[in-house]
Amino acid sequence: MVSTQQLDREIEKTQELVEEMQSKIEQGSEILDRVAEADSFGDVNFDIENARIDDVLSQQKVMEANIADLIIGLEDVTNSFGSEFESMQGFNIAEKLVGIFSQTKAKAMRNDRVRTTSLATNLQDLLSKSDTIVKILKTQREVLDQRYASSEESLKKVIARRQAVTEELKATQNRIEELNPLLLDVENQIAASTEQADRTKLEGQRSDLATEYNQAQAREQELLAASQTLERYTSMFQTFVDSLNNQIAAQKTLINKLSIDTEQRIVLYKSLEDSLKTAAQQDVAHQINTLGSKVDTAAEETMAGIGAAAQAHIADLLELHEKNMLSTQEIQRRKKLADEAFARRFAEVMAKHETSSYAQ
Amino acid sequence: MTGAAANIKRYFEAVDTAFGGLERVFELESQWVKRHNLIHQVCKAHIDRLRNSFTCWELASRFSDKFQIDTRESGYPVFQHVLQLDNDRRNATAMLGRLPTPEAIRNDMADEILRHKRFPERYQKLMAERLYYETLKEHAVFSEYMSPSTVRVSVNRRTGRPFYVVQWAAYDGMAHLPLVYVAVIEDSSDDAAHLDTNRKPWPESDAVRGLPNRDLSDDFKAFIQSHSSYSLTLTTIASALDTDFPTLHPKQMRRFVLGPFYAGGITAHNEEIQGILDGVDRPDDMWLFTWTAQEVYSQEQKPARWGLWGKSAPQEVFYINTEDLDCVQQGVSSVERRALVPHEAFQAVFAQGKTEKIFGDYQCYIASGDNIIRHA
């Protein structure tokens, strides 16, 4: 049995990291929601929020690397199961010693050892580990999916708001453009007018227009600021949403790789175990039984028939093998694709992983 | 509903019908042939487990990304799913604690439909997951390996030794097939005598885990665990048991291979089976279930030797029917093949006059609804 404690510890650590990450992502999209709904932007401190989002993004990198590292670690651990198979195929020290005196005895000893070893626990262990990691990944993906949907919604709202603000800004600016000649016109009229009553009326008009002009200018400033803030937010949250999207893709790669790895390993190890065990004892059992059935006179008569049957059996086996190969090939093909995607995305992690080892 | 989802649904429906029929077959057989009662009892228990497994798998296929069936050979879900069930069963309580309660899910679902006007797919999946873990927690499923239990104990009147009828089961990881074993084992240990074998008959409900002979029980379990794969012939298993346990004498061993299962349009199969399924119009009847009963029994026992030049334990000599090539190939005394065929499919084959060709080697059972007819 291979020691996998370090991997277990790593898994726990990653789980904590992922939980921390989730709350951070939630914070990020909460800010976004708030911005989308807020009436004024005075209460949102841009720099702090920006720093928070940056934090989320950098954390995400760390977490992804961590999980990728876990998956490679799992590969190391399972590779060491492979060494158990090698030991099953070869002779151990005691058997080699006996082998000096009697090859048959040594073989019998090895066969006994092979047929009593069970790799069931190893397979169970492997499956439960990869299952835990997949669960972490899946819950994370769910959170991401949800957040992505709601953040995108919020982002759309923010963009719509910005559009509304820009439109209003344009309208205000247009109004200012209109007011300018109007004001000039009124002032000219005031200068040209001699009637006291007209002047008073025109003065009133001018004052109204001036107030509106001033208000429009103030509004323009306000809207300009709002538009700029919203623009900054839009780009900031665009980055956030993009990163969520990116994370989702990364999670998919990880889940894909892990599930194909597990599938392939279970098929491979089970068939290896089976063939080793069968080879170890089928011969022996049949030797014993030919002894037992020697007395059977019918045996001789059916010998010819058995020859034919054996050939049919070989044909069967060939066909079986072919089918087996087909399914293995299919898994191999999918594994290759998943491995490539993984290597593309996590090349750095893989390089770093070379220096550490989880299996002892 | 997409094509894949429809296929999955049809597969599970077909499996369910087939297992229902299979249970009926075992039940009827136990009525027809009195001595088969024990076998019926054992197989029924395991078929129940299998059906529970399939219930779980059906739920799992609704919320997990993929569900794989070995379409080439057995028509059963691949071995990984069996391991997965075992694994999930261990975490079931924890998972149930984490998942929202059914009421909460229902509320959310209603909310999603009425307030957000969206299809509540997410909550359907969540509910399926919840039901999956609940089923796993409450019902026994078919595991990778199910440790042996003794169903009967009796005494061989000739030798005065007790013998046990032991059963166990396994899901073979290579062939993806469920295997049920029933063995008759005689015990010649000195302390076997202290077993209260006079207390006959053994109470039926009181099935004993492992062997009644406690000294050997654990070793026996370990032995069985590493000797349950389909690739080992019955002779191999029985002789290995005979050699490993000098005081246990396997007299008879049966193996029921519950499969392959063919579902039209889902599994890949050879021309003959395609020929059967092609004759069926109703998709409900597009399936075929076959199973095999293998048996090996001891024809004599070579007595133990104690001499100056070494000694040997008594050895069983198993009968291999050399007249029958099938038996020789499989290393057994007898092979019985059975097939459960929906009525319509059988009719189609019969109309073409191919029954002898296709079902010649099989004892056929024809299923029509809940009724089973044994083809003579």
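**Strands and domains in chain B**

Modeller: Welcome! In this predicted model, B:R338 stands opposite B:Q363 in strand 12 of chain B.

Colleague: Nice start. What makes strand 11 and strand 12 of chain B a pair?

Modeller: Pairing takes at least two bridges. Strand 11 (residues 334-342) and strand 12 (residues 362-368) of chain B have 6 bridges, running in the parallel sense, so they count as a pair.

Colleague: And why do strand 12 and strand 13 of chain B count as paired?

Modeller: The cut-off is again at least two bridges, and 4 bridges join strand 12 to strand 13 (residues 371-374) of chain B, so these antiparallel strands pair too.

Colleague: Now the domains. How do you know that domain 1 and domain 3 of chain B are in contact?

Modeller: Contact asks for heavy atoms within 4.5 Å. By that rule 11 residues of domain 1 of chain B touch 7 residues of domain 3 of chain B, so the two are in contact. About 660 Å² is buried between these domains, with carbon and sulfur atoms giving 71%. On the domain 1 side, B:Q294, B:V296 and B:F318 lose the most area, together 56% of what that side buries.

Colleague: What is the count of salt bridges between domain 1 and domain 3 of chain B?

Modeller: The count is 0. Strand 7 (residues 287-302) of chain B gives the most to the domain 1 side, with 4 residues.

How values were computed
Residues are numbered from 1 along each chain as its sequence is written. Chains are lettered from A and ligands numbered from 1 in the order in which they are written. This is a predicted model: local features need pLDDT of at least 70, side-chain atom pairs count only at pLDDT 80 or more; totals for chains, interfaces and linings use all residues. Side-chain values use heavy atoms; hydrogens and water are left out. Buried area is the accessible area (1.4 Å probe) that two parts lose on being put together, summed over both. A salt bridge is a side-chain nitrogen of Lys or Arg within 4 Å of a carboxyl oxygen of Asp or Glu. Helices (H or I, at least four residues) and strands (E, at least two) are DSSP runs, numbered from the N terminus.
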